Amino acid sequence: MKNKIKLLNAVINKKIHRQMLKNVALKVKTLQATDLEVSVIVPFDSELQESIVSFDLLKASLAKNLKKIEDIDHWPNLPALYINWRKCEGIKSILKSISFAMSEDETREYLCGCYFHDNFIVATDGHRLMRNFTNHGMTGILPAKAVKILTSNYFALAEMGQDDNFFFFRSSCGAVMSARKINHEYPKYEAIIPKKLSNHLMLSKQEVVNNLKPYLKLLGSKKIVRFIAKDENIMMIGYDCNTMELFSEKIFGKCSEANLEIAFNADYLLDAIKDNKNATFTFWYSDVNSPCVFSDENEANILMPIRV
């Protein structure tokens, strides 16, 4: 029951002006919660008649006590589930691996989610881009709230489906989430994925991580890290928001060019390499002002350099 309550809680928007939607509906052996964009339906047996019940009391008592708030007459109709369910192995792990690249800028709502398109799932905030291949057959932009629920430990994703306006996801315990697709055209992200990359830089993952982590709080809002390659030596330099040097370390690495200076947002770089299981990581680039690519056959991890 704890996971069901966590799922209901993840959907309820306490800031919404409609008091009814701050609670849950007891309806046809289910509990329902919605913010009108994302909705969940969880199996639940109760002898209480259909009604709107207090979510705070339900949560505090782990659903042992239910208190009727009002009649169910005005509860919104949730999206119909007349869809073809399909298995979705791997979707949860893919969303976990790319969702960090979603934007948090709500003025560009279409970037605040993951884009399902042509058997790829894509996330970008305009500074970095993650793309991973999966045979999902879906299309549309999944909002961030739904992504957060799907990647949580309280929603065991088993099946998915869609219609023209909604995504649908069903968990192994029978809970169903629907999420309205963000109604906006996604940017033509394919245009920024470089096709020809002639240069590369290989670095020690452990040295980069060990050098960066102690300084992240000191590096300021920009959190800049620069790599300088010269005559087979690689220097790693951290700067604060005023471009004042905070640390400088020589690290292991190999560069295809004799001389290179390139800089990144430190947080973005750590996100880009966190799932790399190797002792080293490599990124490819055409020049220091163009997108840099960490990629394999099924995914693309793209980071824009910073001009210092």
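The cover over the buried residues of helix α1 includes β1 (24–27), β2 (30–34), β3 (38–43), α2 (55–60) and α4 (144–150), where contact means heavy atoms within 4.5 Å and buried means under 20% relative accessible area (exposed is over 50%, partly exposed in between; 1.4 Å probe, protein chains only). Helices (H or I, at least four residues) and strands (E, at least two) are DSSP runs, numbered from the N terminus. The model is predicted, so to speak of local features requires pLDDT of at least 70, side-chain atom pairs count only at pLDDT 80 or more, and totals for chains, interfaces and linings use all residues. Residues are numbered from 1 along each chain as its sequence is written, and side-chain values use heavy atoms, with hydrogens and water left out.

Within α1 (residues 2–11), the buried residues are I5, L7, L8 and V11. They lie on the same side of α1, because they cover an arc of only 160 degrees around the axis, the arc being that of the directions from the helix axis to the C-beta atoms.

Next comes S97, in helix α3 (residues 91–98). S97 counts as buried, at 14% relative accessibility. A polar atom of its side chain lies 2.8 Å from the backbone oxygen of I94. Beyond its neighbours within four places in sequence, S97 contacts M130, N132 and D275.

P194, by comparison, sits in the loop between β13 (176–180) and β14 (199–204). With a relative accessible area of 22%, P194 is partly exposed. Apart from neighbours within four places in sequence, P194 touches P291, V293 and I302. The C-alpha atoms of P194 and S290 are 8.4 Å apart, although 96 residues separate the two along the chain.

Terms used:
Polar contact = N/O pair within 3.5 Å; in protein donor to acceptor, adjacent residues only side chain to side chain.
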